[in-house]
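Welcome! Please take a moment to look over the sequence and the 3D structure shown here, and then read the briefing that follows.

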Amino acid sequence: MVADQDSLVEYGFRRVIITITAVLCALLEIVDTTIVNVALNNMRGSLGATLTDVAWVITAYAIANVIIIPMTSWLSQQFGRRNYFATSIIIFTVASFMCGNATNIWELVAFRFIQGLGGGALLVTAQTIITESYPIAKRGMAQAIYGMGVIVGPTLGPPLGGYFVDHFSWPYIFYINIPIGIIATFLTLAFVRSPKYGEKLKASQVDWWGIAFLAAFVGSLQFVLEHGQQDDWFNDRTITLLTAVSASGLMLFIWRELTYKHPIVNLSVLKNTNLRVGVIMSFVLGFGLYSSTFIIPIYTQSVLGWSALNAGLILIPSSITTGIMMPMIGKMIQRGVPQAYMVALGFLAFFVFTYWMHNVLTPDTGAEHIFWPLILRGVGLGLLFVPITTLSLSTLKGKEIGEGAAFTGMMRQLGGSFGIAIITTFIARFNQEHRVNLVSHLDKTNFAVQQRVLQLQQGFMNKGFSTNESLNKAYQVMDYGVMKQSSVLTFVDIFYYLGILFLLCIPFVLLIKKRN
């Protein structure tokens, strides 16, 4: 098995081309996760959809992602990695074209689901291809190169989407995938090689029940996370039912995979201590990456009044910092710097970032106030991604590498989904709580409050409004001020709790074992 593993190592020009192809495909998949966020309003208008309907454009893609990711290693073994990777690129590219040509919202949702099935495979298979194309001593650098696509992707999505929507129209956020997909397909067929996996399973041996239980588990869970807050969580019958389906699916899936001779997902690979710890840290990494990418644009747009494009652009320097750090981290790993120390330092950097943001947020915060905290976020992501990924796969061999990569990829995606769901819930709950507290201090009998209302009323009267109109507008201004202040306090709280989460993760690093 080791000999076969080593036979996949590439050198020179071939390795460069394989690396570029794999990173490009991973970047395509990740960018498409967030690029549609800023185009939803345009889609809703042109397709005549409701806000609830158009949210399925994101949900369908995410559900398909988390269903297919755990199965990628098995599918690679059945069809050959090169063939499966090339087919996934073709599915993703054709589905992108069909998304751009959708004539109604449910056509778009269906093609987004198909696009997600192809895209999820790209993410994990690309990581496996890059890992096995480099000798063991250089795999830290390999993960650094792969990580540039995974980390930069979520940040590039919103500004790219904003640019295409502003200058062209929303279908172009899908059309941009087509030329890249065609090039990547040809490069894959020409350069990527498949390991020898042995005999393929017959149709009667395929773990169809395992596939069904997996789809029920992760598909229902993803729906609950995406729609829980807007549907009032367990007060909604659909959310309650799907939570029960997800829990049942998980238990049945574990039972099936542990008892069936040819499981769709090899759970025994989780006996590896480093992979288990890596899976937990990948979840936290996804939580931090996607939640911070989600919360910063919301704060800058809803509180500071920035445009979608500017809200996306503020994250670019952070991503550039991460991109610059990736090769440096890779070289440090090659020189023997303990990865555990880097992971601990990365979690600490993320804690400082959240604490810094906690202190600088105000209703008048400017780009100059959040620039350096975001640079520190970029440093933290660089210190976390490469060591976590390298450590997770460091003691795996042969086909276990693909299986391990599937677990870390799925947990990173689920971590992001949990992060966004929890933060969305916190925003609603904390905002309501702070608003009630602030309003309780606005006593109409208070002299300072009376003076402020009178001052505002007089200002509107000077602009030609009647006495009653001016008084109503004065109260509206006061109400807007309360709403804005409660929003700021909400984001302050969220950054505080995020910081505690990252601080609590540092002890997990102590569980990491060195590679023998």
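## A helical chain, residue by residue

T300 is part of helix α14, which covers residues 273–302. Helices (H or I, at least four residues) and strands (E, at least two) are DSSP runs, numbered from the N terminus. This is a predicted model, in which local features need pLDDT of at least 70 and side-chain atom pairs count only at pLDDT 80 or more, while totals for chains, interfaces and linings use all residues. Residues are numbered from 1 along each chain as its sequence is written, and side-chain values use heavy atoms, with hydrogens and water left out.

**The whole chain**

- The chain has 21 helices and 0 strands.
- Of the 516 residues in the chain, 53% are buried; buried means under 20% relative accessible area, exposed means over 50%, and partly exposed is in between (1.4 Å probe, protein chains only).
- Take the contacts in the chain between residues at least 6 apart in sequence: 83% of them join residues at least 24 apart. Here, contact means heavy atoms within 4.5 Å.

**How confident is the model?**

- pLDDT is the predictor's confidence in each residue, from 0 to 100. Its mean over the chain is 77, and 84% of the residues reach 70 or more.
- Where in the chain is confidence lowest, and where is it highest? The lowest is in helix α1 (residues 2–6), with a mean of 46, and the highest is in helix α7 (residues 81–100), at 88.
- Over residues 1–5, pLDDT stays under 50, and for this stretch the model has 10 contacts beyond four places in sequence.

- T300 counts as buried because its relative accessibility is 0%.
- Apart from neighbours within four places in sequence, T300 is in contact with G305, W306, A311 and I370.
- T300 and G312 are 12 residues apart in sequence, and their C-alpha atoms are 9.4 Å apart in space.
- L361 sits in the loop between α17 (339–360) and α18 (367–393). With a relative accessible area of 6%, L361 is buried.
- Which residues does L361 contact, leaving aside its neighbours within four places in sequence? They are Y299, V488, F491, V492 and F495.
- One of these partners, F491, is 130 residues from L361 along the chain, yet the two C-alpha atoms are separated by 7.8 Å.

- V54 belongs to helix α4 (residues 51–54), and V54 is buried because its relative accessible area is 1%.
- Not counting residues up to four places away in sequence, V54 touches L40, M43, R44 and I105.
- T321 is found in helix α16 (residues 316–334). T321 has a relative accessible area of 14%, so T321 is buried.
- Residues up to four places away in sequence aside, T321 touches I375, G378 and V379.
- V245 lies in helix α13 (residues 237–259). Is V245 buried or partly exposed? V245 counts as partly exposed because its relative accessibility is 31%.
- V245 touches A216 and S220, not counting residues up to four places away in sequence. V245 and S220 are 25 residues apart in sequence and 6.7 Å apart in space, C-alpha to C-alpha.

**Cysteines**

- How many disulfides does a search of the whole structure find? The search finds 0, a disulfide being a pair of cysteine sulfur atoms within 2.5 Å.
- C25 is buried, at a relative accessible area of 1%, and C99 is buried too, at 0%.

**Cavities**

- The whole structure holds 2 cavities of 30 Å³ or more. On a 1 Å grid over the protein atoms alone, a cavity is a set of points where a 1.4 Å probe fits but cannot get out, and lining residues have an atom within 4 Å of a point.
- The second largest cavity has a volume of about 70 Å³. Grid points are joined across faces, edges and corners, and a volume is the space filled by probe spheres set on the points.
- This second largest cavity is lined by 11 residues, and S73, S76, R81, T128 and G402 lie nearest its centre.
- At least two lining residues come from each of α6 (72–79), α8 (105–133) and α19 (399–440), and α6 gives the most, with 4 residues.
- The lining of the second largest cavity divides into 2 nonpolar, 7 polar and 2 charged residues. Ala, Val, Leu, Ile, Met, Phe, Trp, Tyr, Cys and Pro count as nonpolar, Asp, Glu, Lys and Arg as charged, and the others, Gly among them, as polar.

How values were computed. On a 1 Å grid over the protein atoms alone, a cavity is a set of points where a 1.4 Å probe fits but cannot get out, and a pocket is an open set with protein on both sides within 12 Å along at least five of seven lines; lining residues have an atom within 4 Å of a point.
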